[in-house]
Amino acid sequence: MRVEPGVANRVTSSFARLGISQKLVILELGLFGVALLLRLLAIMWLAPSEGDQLEYLGGAQRLLEGEPLPQKNHMLFVRAPGYSIFIALVWLITGTRSLLSVKLAQVVFSTATCWYVHAMAKQVSPSRRWALIPLAAAAGYPYLVYYAACIGTEAVFAFLLAAGIYHLGKGLNDKVVLSQVFLGGVLLGCGNLVRPNLSTMIPLLAMWIIVRWLRNPLLILRIGTALAIPIFALSLTWTYVVHKRDLGLIWISDGGGIWYYAGHFDGALKLYGCAPATTEELRALLPGKFMMEGPVHDRARLLPPPKQQGEFWRTGLEWDRRNLDHQACLALRKFVAYWRPWVNSLGYSRTYVLLSTITSLPVLLGGLTGLIIALRRKERVLAMLVLASIVSSTVVAMIFSTEIRYRIPLVDLLLLPFLGISFAALYRFVSRLMHSRSPRTRAPRLDDSSSHLPA
């Protein structure tokens, strides 16, 4: 197919008027293509672990068959409904109940997540060229590629979180746009139904909004209404459904941390290195690889549903009170387990351990550096939103049990857009350093014999 010169010239002039290089656009499209290709290859080549997929698939099947969606599992908690609803919608649209259709849909959402990472990077990076680095990192980040091929919440939650933060950032800029704030609230509300990790971020977000617009109470009310209506409408509706099914007023959770308050308190000390443990004990205690059993769990099972979680909380807090000398060490070890760049070698192959370490170290270090630089600038809306997610998720991780996979969408994903800032700062630093050491640019000293002209 031959493009007429006139058409090519018009396209070139259009890019020129926008200040966009054609090569830059080609690079961006190429990176999006790489992101899509890697995720498609992951579906064909990787064999992700099943994890909790049976419960999510079961929820989708019950939904399509007209049965009640919420159902308490053997660990006595209810899965958040968002991911099961997503699976049911994919099956309804495609007319099939295959796992491949779900994974292909996740590939689309995961690639779209890369777009939102790039869009946020263009807002905070010094130039559009530096925004290519976050896009390339998001396209090939092993965690994001891997979870796109899993039947699990991570890929869908990452998309909803990235999209929600992006639109909320656009809405809360110097000129407040309530439609963008509302859209961000809808996306974050849907994300909270997929993985309820965002519940703890809402208070920090509300505090920041109040402090920033303290002199304009009416605007605070309008922003709060636009943001709170979609988030609380979705979450409160689900809580009401759970309560009406007599499953109890339980904390909507994906299971992270519940096992710690189910009788495995001494096991937490072993898992996080606060007490000696054998390899066999650690393998048995790894999240997702143990059975919920013990006296506390047995007592809770005999109680009415509304009182079951209360039994876990009461016994757990009593154990904390009796073991105050372990709390500081346990919280510190959980912090390290949340922020370390490597996955647990007992649960993954050596190749994946090495790959995760090599790739996540630059993301964590570079992203945090870029975030700090962005916070020092006058315009820092996205940086404050990301900081709220990082702080709240870290605090929760130090209280409950945690895994690195809980950190990926709440920290790593949101640090990716700031990589361009840190790499640009590093480039400027190296350039100045090389420039200062260059013999051509170094100013001659008075005692330098080479500066004297020959007679």
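Student: How do the residues lining the second largest cavity divide into nonpolar, polar and charged?
Tutor: Happy to start there, and please keep in mind that this is a predicted model. The lining of this cavity consists of Arg39, Ser110, Thr113, Leu144, Tyr147, Glu154, Ala155, Ala158, Ile408 and Pro409. Sorted by class, these lining residues come to 6 nonpolar, 2 polar and 2 charged.

Student: What is the volume of the second largest cavity?
Tutor: The structure holds 4 cavities of 30 Å³ or more. For the second largest cavity, the volume is about 70 Å³.

Student: Which helix gives the largest share of the lining of the second largest cavity?
Tutor: Two or more lining residues come from each of helix H5 (99–124), helix H7 (142–148), helix H8 (154–171) and helix H19 (404–415). The largest share is 3 residues, and the helix that supplies it is H8.

Student: Are H17 and H19 parallel or oblique to each other?
Tutor: Two packed helices are described by the angle between their axes and the distance between the axes. Helix H17 (residues 350–375) packs with H19 at an angle of about 60°, and their axes are 8 Å apart. Angles under 35 degrees count as roughly parallel and 65 to 115 as roughly perpendicular. H17 and H19 are therefore oblique.

Student: What is the handedness of the crossing where H17 passes H19, left-handed or right-handed?
Tutor: From H17, the contact uses Ser360, Val363, Leu364, Gly367, Leu368 and Leu371, while H19 brings Arg407, Val411, Asp412 and Leu415. By class, this contact of H17 with H19 has 6 nonpolar, 2 polar and 2 charged residues. As for the crossing of H17 and H19, the handedness is left-handed.

Student: Is H8 antiparallel or oblique to H18?
Tutor: The axes of H8 and helix H18 (residues 381–399) come within 9 Å and cross at roughly 140°. The cut-off matters here, since angles over 145 degrees count as roughly antiparallel. The angle of roughly 140° therefore makes H8 and H18 oblique.

Student: How many charged residues are in the contact of H8 with H18?
Tutor: On the H8 side, the contact is made by Ile165, Tyr166, Leu168 and Gly169, and on the H18 side by Val381, Leu382 and Leu385. These residues divide into 6 nonpolar and 1 polar, and the number of charged residues is: no charged.

Conventions
Residues numbered from 1 in each chain as written. Predicted model: local features only at pLDDT ≥ 70, side-chain atom pairs only at ≥ 80, totals over all residues. Heavy atoms only, no water. 1 Å grid on protein atoms, 1.4 Å probe; cavity = no way out; pocket = protein on both sides within 12 Å on 5 of 7 lines; lining within 4 Å. Points joined across faces, edges and corners; volume = space filled by probe spheres on them. Helix = DSSP H or I, 4+ residues; strand = E, 2+ residues; numbered from the N terminus. Nonpolar A, V, L, I, M, F, W, Y, C, P; charged D, E, K, R; others polar. Axes fitted to C-alpha atoms, helices over the stretch in contact; angles between N-to-C directions. Left-handed = near helix turned anticlockwise from the far one by under 90°. Contact = heavy atoms within 4.5 Å.
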